[in-house]
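Subject: Structure handover, with notes

Hi,

Here is the structure I promised to pass along.

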Amino acid sequence: MNRRQTPQISSRKQPQQARSTDLVAAILQAATQVLAKEGAQRFTTARVAEKAGVSVGSVYQYFPNKAAILFRLQSEEWRQTTDMLARILGDVSEPPFKRLRSLVHAFIRSECEEAGMRVALNDAAPLYRDAPEAREARAAGEKIFKAFIKEVLPGASRDTCALASDLITTTLGAAGKEFSETPRTDAEIKRYADAMTDMFSFYIAGLAHRQSPTRKTA
């Protein structure tokens, strides 16, 4: 049986000079525009090069294929999400459940504001989602959320924390994607985010209650 080949998605080289940095920035800006207009199915390196006003060869200097370009766009989105997780969940000056509410609101709002791009990137995900670089990028955000759950549930086992983290992040991502596919008002976003936060908070509070050493056993 032939093993499926994972496409190379790492950049061929990193720009070292200002001119090269500007070229890569122009390519990525063009890629964003092509993806938003054409969608993942019609996204090609040639279209990106044409939009950027450069040769296809210039694009290939930095990106070996269209999967590498799309992964770069996706990794930027993941980086922004990871930064948001670190900034909001890592702010220990705020109570945990207030941080969770702030995160859910920020995430749902960002999903709605960037719905078109995120849908297109999701359609392109099969091109790169199994690559080691993609798994590594996703793991950074997962690690932050697991640390938050461990903070809220200090007595919980590693498996319990992992399950809670996975359940919440998966639900948040899937529900946020579906919700954002329809244009929403500010009031709708707030109402939805509040309801989702209440659901997550109730679930976490239930786990905390079951982990409490003072809880009576039947």
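How many residues does helix 9 have, and what is its reach from its first C-alpha to its last? Helix 9 (residues 186-211) has 26 residues and reaches 37 Å, which is close to the 38 Å expected at 1.5 Å a residue. The expected span here is 1.5 Å times one less than the number of residues in the helix.

Before the rest, some housekeeping. This is a predicted model, so to speak of local features I need pLDDT of at least 70, and side-chain atom pairs count only at pLDDT 80 or more, while totals for chains, interfaces and linings use all residues. Residues are numbered from 1 along each chain as its sequence is written, and side-chain values use heavy atoms, with hydrogens and water left out.

Overall fold

The protein chain has nine helices and zero strands. Both are DSSP runs numbered from the N terminus (helices are H or I with at least four residues, strands are E with at least two). Along the sequence the pattern reads α-α-α-α-α-α-α-α-α. Of the 218 residues in the protein chain, 36% are buried. Buried means under 20% relative accessible area, exposed means over 50%, and partly exposed is in between (1.4 Å probe, protein chains only). Among contacts between residues at least 6 apart in sequence, 70% join residues at least 24 apart; a contact means heavy atoms within 4.5 Å.

Back to helix 9

The buried residues in helix 9 are Ile189, Ala193, Asp194, Met196, Thr197, Phe200, Ser201, Ile204 and Leu207. Their cover includes helix 5, helix 7 and helix 8. Take Ser201: it counts as buried because its relative accessibility is 14%. Not counting residues up to four places away in sequence, Ser201 touches Phe97 and Leu100.

Arg109, in helix 5, is partly exposed at 30% relative accessibility. Leaving aside neighbours within four places in sequence, Arg109 is in contact with Asp186 and Ile189. The C-alpha atoms of Arg109 and Ser180 are 8.5 Å apart, although 71 residues separate the two along the chain.

Elsewhere, Ser58 sits in helix 3 (residues 56-62) and is buried, at 16% relative accessibility. With neighbours within four places in sequence left aside, Ser58 is in contact with Leu23 and Ile27.

The largest pocket has a volume of about 1,100 Å³. Of the 32 residues that line it, the closest to its centre are Trp78, Phe107, Arg138, Thr169 and Gly173. A pocket, on a 1 Å grid over the protein atoms alone, is an open set of points where a 1.4 Å probe fits, with protein on both sides within 12 Å along at least five of seven lines; lining residues have an atom within 4 Å of a point. Grid points are joined across faces, edges and corners, and the volume is the space filled by probe spheres set on the points.

Which element gives the most to the lining of the largest pocket? That is helix 8, with eight residues. By class, the lining of the largest pocket has 14 nonpolar, nine polar and nine charged residues. Here Ala, Val, Leu, Ile, Met, Phe, Trp, Tyr, Cys and Pro are nonpolar, Asp, Glu, Lys and Arg are charged, and the others, Gly among them, are polar.

The second largest pocket holds about 190 Å³ of space. Its lining includes Leu28, Arg72, Glu76 and Met117. Helix 4 gives the most to that lining, with five residues, and the classes come out as four nonpolar, two polar and four charged.

Aromatic pairs

A search of the whole structure gives three aromatic pairs. Phe71 and Trp78 form an edge-to-face pair, because their ring centres are 6.2 Å apart and their planes are at 70°. Phe71 is buried at 9% relative accessibility, and Trp78 is buried at 18%.

Phe179 and Tyr192 are stacked, because their ring centres lie 4.0 Å apart with the planes at 15°. Phe179 lies in helix 8 and Tyr192 in helix 9, so the pair ties together parts that are 13 residues apart in sequence. Phe179 is buried, at 6%, whereas Tyr192 is partly exposed, at 27%. For the cut-offs, rings of Phe, Tyr and Trp (its six-membered ring) pair if their centres lie within 6.5 Å; planes under 30 degrees apart are stacked, over 60 edge-to-face, and the rest tilted.

Cheers
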